[in-house]
Amino acid sequence: MIAWLRVTLSKLVMRASERGNPLARRLNARATQNYIANLPPHSAIVPGPFEVPDLDRPLPDSARARLFGDHELVPLDPAPVRPDDLLGRRAGDIQTELGSTGVGNHGFVGIELGEDWLIVPLYAAARWIAVDGRLLEDPDHAAAGRPKPWAAADGSARARLAGATVTAARLQPDGMRLELDNGARIEIQPDPAGRPRMEHGGHARAFLPEDDLASALFLSPTPVLYTLG
């Protein structure tokens, strides 16, 4: 009986909110905030499947400018990266907001290493990855007392990395670290204390016990990736 009353009351509040009742709108907003705050932690690793454009197969003009680019898409089935695969590679560009869904993106980070791109397939990966101890993106840095992120600072993470060679690589289930011959380091620390919390639920931006970042990292011939699963 009590459960029925709760459901009925919730429906009445939602209907009143849709009609513009200010009290109902406040109650509905508070209920939504409580729901989000109580969401359980979830994995930030996006497992795919992934597709990339085949530059040898352009679409006809009538099909261009669609959600998924100007070329036919082909599956990308990469093998997990081994640390030895990265040694001796020269760094170039670094890009965020990768992993397109056609109407947005997951926010993967791609690091150009030689002829390939090391893809970090984490949701909002720029909020996980630090270069020389500074996150690529950190909207809460001032309040949390963390260093200003690269995205909001003078200079560029790309300029810090470009032209340097990977001399050491450590990949593990809950973190990674690349060291370059110019002294730069790219890393995800196992300890989530140095990262902003998750947007939904306010949980620590941490890996779950079942996560395995080392197995999720992969090399791609292009930073243009689509996740259509």
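I am working on a predicted model, where local features need pLDDT of at least 70, side-chain atom pairs count only at pLDDT 80 or more, and totals for chains, interfaces and linings use all residues. Residues are numbered from 1 along each chain as its sequence is written, and side-chain values use heavy atoms, with hydrogens and water left out.

**Rings.** I counted 3 aromatic pairs. Rings of Phe, Tyr and Trp (its six-membered ring) pair if their centres lie within 6.5 Å; planes under 30 degrees apart are stacked, over 60 edge-to-face, and the rest tilted. F50 and F108 are edge-to-face, because their planes stand at 80°, with centres 6.0 Å apart. F50 is in strand β1 and F108 in strand β4, so the pair ties together parts that are 58 residues apart in sequence. (Strands are DSSP runs of E, at least two residues; helices are runs of H or I, at least four; both are numbered from the N terminus.) Ring pairs join F50, F108 and F218 into a cluster.

I then checked W128 and F207, a tilted pair with 4.7 Å between centres and 45° between planes. W128 is in the loop between β5 and β6, and F207 in the loop between β10 and α6, 79 residues apart. W128 is buried at 1%, and F207 is buried at 13%.

**Salt bridges.** I found 9 in the whole structure, each a side-chain nitrogen of Lys or Arg within 4 Å of a carboxyl oxygen of Asp or Glu. R160 bridges to D132, with the closest N and O atoms 2.5 Å apart. R160 lies in helix α5 and D132 in the loop between β6 and β7, 28 residues apart. R160 is partly exposed at 25%, as is D132 at 23%.

R146 and D138 form another salt bridge, 2.6 Å from N to O. R146 is buried at 18% and D138 is buried at 3%.

E187 meets R177 at 2.9 Å between the closest N and O atoms. E187 lies in strand β10 and R177 in strand β9. E187 is buried at 5%, whereas R177 is partly exposed at 23%. Shared partners join R177, E179, R185 and E187 into one network of salt bridges.

Terms used
Buried < 20%, exposed > 50% of the residue type's maximum accessible area, 1.4 Å probe, protein only.
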